[in-house]
Every structure is written in C-alpha cells, then in structure tokens.
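Trainee: I have a chain to read and would like to go through it with you. Can we take it piece by piece?

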Amino acid sequence: MKRPERVAVIGVGILGAGVGWNLSRRGAQVVFIDAGRPGEGVTNWSFSWVNASNKTARKSYFDLNVAGMAAHRELAGAIGPDSWWYPSGHLRWTDDPAAQAKLLETAELLDGWGYRVEAYSGAEVRRHLEPALAMPSEVPVVLYPDEAWVHGRHLVGRLVGQAVASGAELRSGTAVRDIGTGADGSIRTVALADGSRLDVDVVVNAAGPSASHVAGLIARHLPMRREPGVVTRIGCAQIPVHRVMHAPHIEIRPDGDASMVLHSREIDALIDTGEEPAQLARLLHESARHIVPELGNSRIAQTRVAFRPIPADGFPSVGAVPSVPGYYEAVSHSGITLGPVIGRMLASEILSGRRDAMLADFRPERFLP
C-alpha cells in the first residue's frame, strides 16, 4: 500500500473531517486547512438529519445513504456518541392531500427496500411519542426509527481533535490561494493566504460551497447549484420534542439541552425575494409555534443563510480526478449523513488506489468536458 507523504484536506466540515480522520488513523500525514474554524461553516448551519428516506431518486444514492447511516453507528462506537450522536428517529406528516399520498407512497417503496418504517395516527403520536405536538388526531404519520440527528460542530471537533492528537496539523483561519502542480500535472504544493506554502502529495477538495473555486485552482470546472437555505436556532428553557420531524411547512429538531433548529423549504424560497434573515427567522418561529405551542415562550437565538454544497446534478462528487494525479473531491449535499462513509471510502482510495463500487455513480469524471 502506497502511503502519501502529506495530504492537504481543504475544508474542515463534516466531509473534510471524516476524510482527514480516516487518513490520519491509517498513518497518513494530514494537514487540515480551513478559511474559518473547523465545523463552523455549512456543517454548523445544516438541518443535520441523518437519513435515507429522502434519498429515493436513485437507488444507488439511497444505498450510499443507508451505508452512511451504518457508518455513523460504527463511528459512535469507535469515538463515543456523547454530545454529537442522537439516534432518536424521524417523524413526518403533512396537511396537503397530494403530499400525503406521496408520503405514503414513499413509505411503501422504502418498506419494500427493507428500510424500517412505522405508521401512526396523530393521536397515537401524541399519546406515545411526542405529547407536545399540535396535530390532527386522524392524520397519518410516518416514523423512520433508524434515523437520527447529529451535532455537526461537535462531531467535527471530535474527529479533528483525535487526528491532531495523532500527528495531524490544523491550519485554520487561512484560505488556499493556489495549488501547484509538477511537470507531469500531479499535485505538488498548496499556497495559503497567510503566505505559507506546503509541500504535499495529495489535495482533498472538501471545501463545500467553495469547492468550485478550489477546483478552479487546478483549472477544473466543477459545476455547482446555487441553493441557499436559512436555518434558525431558538433558545428554550426546556426542549419539548425528542426527535427530528418534518411537520406541515416546517422542519424541527432538538439541538442540545436548551435550543432547537428550524428550517423550511418554503421559507428558503423567500431568500432571493429580498426578505431580511431576521424576518425569515420570525416566519420560521411562527410556523414552529403552530406545531409545538410550548415554543411560544422561546426566543430566536441565531439565524444564518448558508449555501448548500450541491454539484450541478444533485449528487455527490467523490474520488480522484485522473487528469490531475493527487487531486480528489469530497463534495456533496447531505454531508451530515454521508460524512463518515465518504470519509472512510475516500481515505481507502487515496491510500490503496482501490475505488469503491458504491461510489461508481458519483465519480468526478462525469463533470469532465
């Protein structure tokens, strides 16, 4: 097995942390590079829902996300689950008849694929699962018991901390300015905005929303969608719900002992209309109070509009770019679900050259001219 002397991981969100941690524990010399601080970019402003129930557009993508869920469970066993891993399941229901039919159709499809699905009425949910919810007694509710939420910033901190303790280096607060290649086109150096230059053998582009810019430093075109999302954290004296949920017009999850996270695709659609983030936060808060009346006394704590790192066709770009030896990509929406499994698979590919068949549909080559 050829071991690269030095690997630069650009971007230290969940994907970069996962790749770097796996490389470090297998003996590679890793340098983490982030323009901000580890885990505080889009990873910290994601809905952070670990799932495969929302990934049915392509069976290979569903399978990859199922593997991601399993990798989270394995990771919790390896590094300990405390402060980051919350496998409490996911509830979903709607007040729109067409959406309700689609919800039940998807649940049936997932059941046929061997994915665990449980069906309840609103009354049963209130009685047995979430007594704080306001929902019609007869509404059908789907529970996906194997799904979870993750505290992304805490997980990134744990992975990077362990890697650094094993010899990895962290360069935070400085951006990558240039990537140098040799006469044969292979990766040689990374230049940083602080004026330093690193000799490296491998670059992993895990730069999230900035991945297209990083790819451009080696004259590669990585097409990305422009898809902003607004996330709000609210402070609560006591958290009234226990799991992730997609309710009518709002997505809600716990976020530790004293806060909750709110998101809505409907509110995201207002971002480009000129609404201020503070107003978007108020709309999210109002929607949440309709579903969880106890949130009437909660307060808006933080709001952020973040850009999701989504390649143009909606699917991950993971693996080597053959035209630039030593350059790899780890760019994906659903990074929270996929971080541990992509981290493991890509680290293995970098160190051994073996390409995992599960990534066949998600190779960067599909974007080559």
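Mentor: Start with two terms: helices (H or I, at least four residues) and strands (E, at least two) are DSSP runs, numbered from the N terminus, and two strands pair if DSSP finds at least two bridges between them. This is a predicted model, where local features need pLDDT of at least 70, side-chain atom pairs count only at pLDDT 80 or more, and totals for chains, interfaces and linings use all residues. Residues are numbered from 1 along each chain as its sequence is written, and side-chain values use heavy atoms, with hydrogens and water left out.

Trainee: Which residue of β11 is the bridge partner of I179?

Mentor: Look at β10 and β11 (residues 187–192), which run antiparallel and are joined by five bridges. The partner of I179 there is V190.

Trainee: Which strands stand at the edges of the open sheet of eight strands?

Mentor: Read the order: β6-β7-β5-β15-β16-β17-β14-β18, with mixed pairing. The end strands each have a single partner, so one side of each is left without a neighbour in the sheet. They are β6 (118–121) and β18 (299–307).

Trainee: Which residue of β7 stands opposite R92?

Mentor: Strands β5 (residues 90–92) and β7 (residues 140–144) run antiparallel, joined by three bridges. Opposite R92 stands V142.

Trainee: How is α2 placed against α9?

Mentor: Helix α2 (residues 59–79) has 21 residues. Its axis and that of α9 (residues 335–352) come within 7 Å and cross at roughly 85°; axes are lines fitted to C-alpha atoms, for helices over the stretch in contact (heavy atoms within 4.5 Å), and angles run from 0 to 180 degrees between N-to-C directions. Angles of 65 to 115 degrees count as roughly perpendicular. Therefore α2 against α9 is roughly perpendicular.

Trainee: In the largest nonpolar core, which residues have the most contacts?

Mentor: A nonpolar core is a set of buried Ala, Val, Leu, Ile, Met, Phe, Trp, Tyr and Cys residues joined through side-chain atoms within 4.5 Å; buried means under 20% relative accessible area (1.4 Å probe, protein chains only). The largest has 58 residues. Those with the most contacts inside it are L23 and V204.

Notes
The expected span of a helix is 1.5 Å times one less than its number of residues. Buried means under 20% relative accessible area, exposed over 50%, partly exposed in between (1.4 Å probe, protein chains only). Angles under 35 degrees count as roughly parallel, over 145 as roughly antiparallel, 65 to 115 as roughly perpendicular and the rest as oblique.
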